[in-house]
Amino acid sequence: MDLGIKDKVAIVTGSARGLGAATARRLAEEGVKVVVTDILHEQAEATVAALRADGLQAHCIVADITKGAEVQRLVAETIAHFGGVHILVNNAGFPRDKYLVKMSEEDWDLVMEVMLKGAFLATKAVMPKFIEQGWGRVINISSRAHFGNPTQANYSAAKAGLIGMAKALAIEEGRYGITVNCVAPGFMETEMVQALPTYETIKERAVQMQPIKRVGMPTDIANAVAFLASERASFITGEVLHVTGGRYG
Ligand SMILES: NC(=O)c1ccc[n+]([C@@H]2O[C@H](COP(=O)([O-])OP(=O)(O)OC[C@H]3O[C@@H](n4cnc5c(N)ncnc54)[C@H](O)[C@@H]3O)[C@@H](O)[C@H]2O)c1
């Protein structure tokens, strides 16, 4: 299926590695010009170098998604470099897991800042261009955790918040040919989850609870994002696509 997005320009936040890097690659394989943006400078440059080595179009911009001025610069530099912006994937994020009684105000604020505020700032920054051109795609990377996970009051709230934001913006911006959707990954094999002290346990549990008995891979998310970013998904908005191997609870 031709996704119909050749020569569009995408920003994928937090794409130095993990799901973001896989998404950047998948979009680039469709002929999309991709901006890899992250706070991890060397890793982001390495991701771009790997894409370019395969003949794909990619550009690295280091930016902290929680800072309004940096996000404005990110979008301005994207437009200056590639001549536009059409697709935004709000992917940057991380957990700070603790039981509520041990969760600090900082644990709460950090998670809200990077995922909710970061997505707000980035979406707000691209929206004038999307409206002007009458076409745009926003895809928020939520999580199965939006249903609620113990030790993840902050993370679950932020991931559910991304869904609320997408549903509100889907209604607000639909008239301009802009769709806003979420992908909710289940357990995916990335460095973020490999770094968790409970990695082996949650991996085993995830596969046990999934109807599809294999570990989720970054390419599973990348394929879902590419579809929602495509011309083929132009009548789908305000949706949450669960990519969890069939696991919901
Ligand atoms: N891996 C999973 O199982 C899983 C499941 C559900 C949801 N998710 C979500 O998918 C997204 C990607 O996860 P991942 O597993 O690839 O994690 P990852 O840690 O490999 O990648 C996240 C990236 O975000 C970047 N980042 C962090 N703070 C940033 C900031 N302030 N500005 C810009 N970039 C920043 C990090 O440097 C990192 O490169 C996250 O939002 C995560 O919550 C992951």
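Helices (H or I, at least four residues) and strands (E, at least two) are DSSP runs, numbered from the N terminus. The model is predicted: local features need pLDDT of at least 70, side-chain atom pairs count only at pLDDT 80 or more, and totals for chains, interfaces and linings use all residues. Residues are numbered from 1 along each chain as its sequence is written, and side-chain values use heavy atoms, with hydrogens and water left out.

**Exercise 1. Locate aspartate 7 and threonine 151, and describe the phi angle and accessibility of each residue.**

Solution. 
1. Aspartate 7 lies in the segment before strand 1. Its phi is positive, about 75°, although aspartate 7 is not a glycine.
2. Threonine 151 belongs to the loop between strand 5 (136–141) and helix 5. Its phi is also positive, near 70°, in a residue other than glycine.
3. For accessibility, buried means under 20% relative accessible area, exposed over 50%, and partly exposed in between (1.4 Å probe, protein chains only).
4. Aspartate 7 has a relative accessible area of 41% and is therefore partly exposed. Threonine 151, at 24%, counts as partly exposed.

**Exercise 2. Determine whether isoleucine 11 is buried or exposed, and identify its contacts.**

Solution. 
1. Isoleucine 11 is found in strand 1 (residues 9–13).
2. Its relative accessibility is 0%, so isoleucine 11 counts as buried.
3. Contact means heavy atoms within 4.5 Å. With neighbours within four places in sequence left aside, isoleucine 11 is in contact with residues including Val35, Leu74, Ile87 and Val126.

**Exercise 3. Describe the surroundings of the ligand and its polar contacts.**

Solution. 
1. A residue is near a molecule if one of its heavy atoms lies within 4 Å of it. The ligand is surrounded by 28 residues, of which Arg17, Asp38, Asn91, Tyr155 and Thr190 are the closest.
2. Helix 1 (18–29), helix 5 (153–173) and helix 6 (191–194) each contribute at least two residues to this shell.
3. A polar side-chain atom of arginine 17 lies 2.7 Å from a ligand oxygen atom, and one of lysine 159 lies 2.9 Å from a ligand oxygen atom. Methionine 188 places a backbone N or O atom 2.8 Å from an oxygen atom of the ligand.
4. On its own the ligand has 830 Å² of accessible area (Shrake-Rupley method, 1.4 Å probe); the protein covers 95% of that area.

Definitions and conventions:
Polar contact = N/O pair within 3.5 Å; in protein donor to acceptor, adjacent residues only side chain to side chain.
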